[in-house]
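Please look over the sequence and the model before reading on.

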Amino acid sequence: MSDRVDLREARRSERVAGPGSGDLAASPFRVDRDRVVASPFFARLGGVTQVVSASGSGLLHNRLTHSLKVAQVARAIAERLRAEPAFVPLLDKLGGCDPDVVEAAGLVHDLGHPPFGHLGEQVLDRLARYRLGLPDGFEGNAQSLRIVTTTDTGGPSAVGLDLTAAVRAAVLKYPWTRMTHPDPHPRHMSSPPRGASEPPGEPGTGSSKFSVYVTELDDMAQARAAFAGRLASWQQTVEASVMDTADDIAYAIHDLEDFHRIGVLQHAPVSAELEYWLNNALELAALDDERLAAHARRPGHSLEQLRRRMHRRDAWMVDDDAFVAAVARVRAELVDGLLGTPFDGSVEAEQAVARFSSGWTVRLVDGMTVVLDPPTRSGHVLLAPAQWHEVQVLKFVHRRFVLLRPDLALHQRGQARLITSLVEALVQWLTDRYEANRLPRRLTDLVELAETEYRALAATDMSTLIGAVGEPPDGDVGIREMARGRAVIDFVASLTDSQAAALLDALTGRSSQPWSDAFVL
């Protein structure tokens, strides 16, 4: 019993919640939730793209509505697991699974997403590494941790939000840095955790996904200290695993809803893909990889490529019979069900979307289980085999028939150019010695913060500051340049889609607004 008490205390921070603390809730984990919801970084998610910009239509999820649904699903998973007597001892042994913690983590998980969603994340990462020489580049998950521990000012100390250790640990989907920590780094494992491998064709660049910049290493260590001896250094906490799975569920279901609503996800091509594979699975399985790739645009061929990727990456779970059953269920409930009737805004159409969403959410949440010793590509909380295969197929439909569309690529190339131009314009402004006294106050504050962080790291471990060019910063001048680069990245990542566009217009002289009408910098 004493071990459980010690763990419970370690999961909390030293702050005092409740009357006299400025917080409304008595539970420290509810305080975390309240502080996140009150944060301007959370509010801005209403203006940040989920997949494509909503353009005021009200029909598409944005990062705010997505985060609310992730929090909702995460809480439902935690409550279901805690209600199963067989799981409770295992959850306690692994460090706990509190519904308030997973809900707060769900609200936090996308705070670091920059304008224009994943497209903005990719562009900022390339600019951060190769244009600005930052060793960590940019990663939305790591930026979320940086916000709640460093750049937000809503906590009592005005440095981060002072969240509990449990919630900060639950935010760490990928509890490692890009290159250096922990040691040995998980990307070197024979079967690396999901996200830890280097991007294809980019050897030596570090993990493709990570949740911690080197500037927040101490925060990760403190947050995970309570789990030492219970989890490997690269493993998610149970609560992080719940949040991660909830994110997958929300992504798989709600993005499909969006593109059905606006007519992008069409019945005919999705039906042809799934139906052809179901009717010709053996013939497709007999094709060699080269021939399959050459005909990937033909019905059924892309789905066969998915089946083969699953065998290569997730042999611990994949099962061909379960895959066939998953394709058949998605065909019946998505293609013949939801997509069978075009969305026309009627009550009947809205009810069909609601039935699809709630039915799939309940099915997936009910399929959760807990394991003591999971494979490296899974957390301790995972979907049952049938539901796991179904999520893979749902995500395939989203990627194949939405994300890979040429018209979406055209739209996103314009957004990529916007972000690139904005970063360049801010760097030029920041390095213009004649403008030193007229820079945005928030930008100068971020430079001072990053410079303090990088100087402290340089004094203790210079290896953490070796960037994409393979060289450490050149003394004080190099550290100052890195600080400016990180400040620009932090600044741009804190904008909404419309703020980014408006700021670039102002910086390039294209804005027709009076200067006094500009948003506060």
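Is the crossing of helix 7 and helix 18 left-handed or right-handed? The crossing of these two helices is right-handed, a term for a near helix turned clockwise from the far one by less than a right angle. The model is predicted, with local features requiring pLDDT of at least 70 and side-chain atom pairs pLDDT 80 or more, while totals for chains, interfaces and linings use all residues. Residues are numbered from 1 along each chain as its sequence is written, and side-chain values use heavy atoms, without hydrogens and water.

**Helix 7 and helix 18**

- The axes (lines fitted to C-alpha atoms over the stretch in contact, with angles from 0 to 180 degrees between N-to-C directions) of helix 7, residues 117–131, and helix 18, residues 406–430, come within 9 Å and cross at roughly 40°.
- Contact (heavy atoms within 4.5 Å) involves L119, G120, V123, L124, L127 and R131 of helix 7, and residues of helix 18 including Q412, A416, I419 and V423.
- The residues of this contact comprise eight nonpolar, four polar and two charged; Ala, Val, Leu, Ile, Met, Phe, Trp, Tyr, Cys and Pro count as nonpolar, Asp, Glu, Lys and Arg as charged, and the others as polar.

**Helix 15 and helix 17**

- Helix 15 (residues 320–338) and helix 17 (residues 385–403) have axes that come within 8 Å and cross at roughly 55°.
- Helix 15 is therefore oblique to helix 17, and the crossing is right-handed.
- From helix 15, A322, F323, A326, V327, R329, V330 and L334 meet H389, E390, V393, L394 and V397 of helix 17.
- Nine nonpolar, one polar and two charged residues make up this contact.

Technical notes. Helix = DSSP H or I, 4+ residues; strand = E, 2+ residues; numbered from the N terminus. Parallel < 35°, antiparallel > 145°, perpendicular 65-115°, else oblique.
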